[in-house]
There are 2 protein chains.
Amino acid sequence: MTLSINEERFLEDFNALAQIGATGDGGVNRPVFSEAHLAARKWFGEHAAEAGLEVHVDGAGNHSALLRQEGAGKSLLLGSHLDSVPNGGRFDGALGVVSALEVLRTIDESGLELPVNLEAIDFTDEESSLIQFMGSHALLGLLTPAILRSPQGGRTALLEGLNRAGLTEVGLLSSRRDPDTIAGYLELHIEQSQRLQSAGVHIGIVTGIVGISSFRLSFYGRADHSGTTPMEARADAGLGASSFVIASRDIIMRQFPDCVANVGNMEFRPGVMNVVPKQVNVLLEIRSVDGERLNGLKSTLIDQAHNDAKRFDLDLEVITLGESEPATMSPPVQTAIRSSAEALGLRHMSMSSGAGHDAQLLSGITPTGMIFVPSIGGVSHSPLEFTEWEDCINGANVLLGATLRLMRKE
Amino acid sequence: MTLSINEERFLEDFNALAQIGATGDGGVNRPVFSEAHLAARKWFGEHAAEAGLEVHVDGAGNHSALLRQEGAGKSLLLGSHLDSVPNGGRFDGALGVVSALEVLRTIDESGLELPVNLEAIDFTDEESSLIQFMGSHALLGLLTPAILRSPQGGRTALLEGLNRAGLTEVGLLSSRRDPDTIAGYLELHIEQSQRLQSAGVHIGIVTGIVGISSFRLSFYGRADHSGTTPMEARADAGLGASSFVIASRDIIMRQFPDCVANVGNMEFRPGVMNVVPKQVNVLLEIRSVDGERLNGLKSTLIDQAHNDAKRFDLDLEVITLGESEPATMSPPVQTAIRSSAEALGLRHMSMSSGAGHDAQLLSGITPTGMIFVPSIGGVSHSPLEFTEWEDCINGANVLLGATLRLMRKE
């Protein structure tokens, strides 16, 4: 007989969690270290303890529920995250944590003897509000004092958040775990795109995760009076920035159709009606599953920005805000996911992830895989984010099946 | 003998005023109703009183120093403003107020009998931080409860400012003066452009002031995940806004070389790196001395914005923020300025003003003129704003001469 998760308990847990930080429109607002986020983590810890699991919290705040096996030296990690973007959806991250917990309970109840410990883990700040992938970076020992001094969310916000969570910088810097103690990492997540829905497929087997580079491009001109300065005498930083936005889209569409780019913000200075903008800061992010293509796109876009600056008599400053390498998911883990989906009679397809996940960091130290389930309309980071409950159950059962298959190999 | 201002006293006053709200780099920071602005107005009132002039403050906070003439029914107004843009220069506005005060004292000391009262006036909020030309609008009786309910600087800022200045909304709405009591208006101001400097000319005789229309163009798209949404499936509000910025500049340069336009700000929402912008608010301002051309430019640019929105699958909302008509300066006043400059052996030229001034409102009710003096490099609204002291003296003497010439006609 094939083992299956307890659907009713799974749904009950999912809905209980979705109430924490609920925004009333189907979404949740649980930015890292917010009261709602801390409440969700408390719920997770208490719920795991009630289920008879050991609860651990490391120096980075990563929460673990452990199904310990006597004599086992390693742990297989299943997990995701309980934080959300501001006013995000109730599936992103939460689905992976609740299903990991459910898989542990199902296996615990089955009485199976396991060669490794099973650990359901909730990573800190997957949405990277304060520090990019704070929890998994800490677990890999990759955080440094320099990162803590100028975190992307701001130093003050970081210190306030750590304080609310009862964490310390020393704790963050000393949360590394020995990779030899980790048997692998599996994560169930919503797709956040509509390829599965469009193809009518139940399960996405992730082959790789995009690398992401982000930059601040600052165009510098001159703040002149908007009424008295002839058009041809201006050095208008807004022209360089706008020209870059249009040109960068053309470059992506024509030369890099396998990559994506986003200008998420432009900040005008002084930013008032009657002064020609002397400075515009452009927030640019680029993604690709192929490291060489990502580098090629980066240098092409920066060249373009220099051309746009020159064209409008501006100076340009380029600051790299973040860089993560593309990650490849472990082929044996992909095979375990595929076999599990097939055993359940589910349609599956291989696909890359355009979104970043903690799995991209874990893949550097342990065999790692991700399971995607369909997102209706591809909507994510929004209260409208939605995945059919049946798809959530399918995903959790594939997670269970892949876990069992991987353990048999240990 | 030709009457001349007292250069030493004029310089002393100018420098004393430049200390109030000084930013240490040659500039001043005196936004309307800031502590520094209120201190500058206090200085003006005390200084005028010391000179034996009557001091009046109307319900809009306009400060007047009056040289009263027995039996005179009308007042000839000379003035400008003591507020500045944030971190502005020490000449813009201040030169006109200090020279008006100096002209009154010089005439007072001369013992001349005048057919009208002379009034040095400091208008409130010429820089239009809270309400466009608040002081002159109030003096003309053009403020309405609707304007006070949604002022361009925000309702809260307006109420806080009025409170700091000891003013009330009722006062603002009841500050209208009977035009029949006003004999004319003269303003000395720095040019804020470099036409005079380039031409080697001392005095600019303003023929007209540009009309200004300003708009908020809101481009609406969809907030999608920047990593998982294919480029062609996005509705990126930043593309419409950027495309409009580039296109609008081409329209100005090619079809409307006699007009200017400025996009002073763009506000992205949600404005974060990993979300496709769902909304971009573009702050657009256009200027022309010709009302028909201004209207033509307006409709051409709004058509263009609709095209840009359509091209990128966006919606567009256009909100008019402000509209002022171009103004013509009084020919007899221009003649008085010209004669005065010629009598002093100063080179002069006629020119339009690309910047707005209270004079554009006053010109609707009384013979009005403006005198420009050279701005080095055309720099204005900046601590680097500079006019040679000799040019300031020339301007004040032309203001004095024009005043005397106009009064002879009364």
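Which residue of β10(A) stands opposite Ser214(A)? In this predicted model, the residue of β10(A) facing Ser214(A) is Gly322(A).

**Figure 1. Strands β7 and β10 of chain A.** Strand β7 covers residues 211–220 of chain A and is joined to β10(A) by 9 bridges. The two strands run antiparallel. Ser214(A) and Gly322(A) form one of the facing positions in this view, with Gly322(A) belonging to β10(A).

**Figure 2. The open sheet of chain A.** The sheet is built from 4 strands in the order β8-β9-β7-β10, with antiparallel pairing. Its edges are β8 (260–269) and β10 (315–324) of chain A; each has a single partner strand, so one side of each lacks a neighbour in the sheet. On average, neighbouring strands of the sheet are turned by 15° against each other, direction ignored.

Figure 3. Most peptide bonds are trans. The bond that joins Arg269(A) and Pro270(A) is cis, with omega about 0°. Pro270(A) lies in the loop between β8 and β9 (279–288) of chain A. In chain B, the peptide bond from Arg269(B) to Pro270(B) is also cis, and omega is near 0°. Pro270(B) sits in the loop between β8 and β9 of chain B.

**Figure 4. The backbone at Asp125(A).** Most residues other than glycine have a negative phi. Asp125(A), although not a glycine, has a positive phi of about 55°. The loop that holds Asp125(A) runs between β4 (117–123) and α4 (134–139) of chain A.

Figure 5. Chain A has 13 helices and 13 strands. With a radius of gyration of 23 Å, close to the 22 Å from the globule rule for 410 residues, chain A is as compact as a globular protein of that length. Along the principal axes, the C-alpha atoms of chain A fill a box of roughly 80 × 45 × 40 Å. The domain assignment divides chain A into domain 1 (7–210 + 326–409) and domain 2 (212–324). Taken over C-alpha atoms, the centres of domain 1 and domain 2 of chain A are separated by 35 Å. Their contact involves 9 residues from domain 1 of chain A and 11 residues from domain 2 of chain A. On the side of domain 1 of chain A that touches domain 2 of chain A, 2 residues are nonpolar, 7 are polar and none is charged.

**Figure 6. The contact between chains A and B.** Chain B and chain A each give 44 residues to the contact. On the side of chain B that touches chain A, α9 (237–255), β8 (260–269) and β9 (279–288) of chain B each supply at least two residues. The most comes from α9(B), with 9 residues. By type, the residues of this side of chain B comprise 19 nonpolar, 22 polar and 3 charged. The copies meet through the same surface, because 100% of the interface residues of chain B are also interface residues in chain A.

**Figure 7. The rotation axis between the copies.** Chain B is superposed on chain A by a rotation of 180° with 0.2 Å of shift along its axis, at an RMSD of 0.2 Å. The two copies are therefore related as by a two-fold rotation axis. Among the residues of chain B, Ser242(B) comes closest to the rotation axis, with its C-alpha at 2.1 Å.

Technical notes: Residues numbered from 1 in each chain as written. Chains lettered and ligands numbered in written order. Predicted model: local features only at pLDDT ≥ 70, side-chain atom pairs only at ≥ 80, totals over all residues. Contact = placed C-beta atoms within 7 Å. Nonpolar A, V, L, I, M, F, W, Y, C, P; charged D, E, K, R; others polar. Least-squares fit on C-alpha atoms with pLDDT ≥ 70 in both. Pairing = 2+ DSSP bridges. Axes fitted to C-alpha atoms, helices over the stretch in contact; angles between N-to-C directions. Domains from an automatic or database assignment. Rg over C-alpha atoms; globule rule 2.2 N^0.38 Å.
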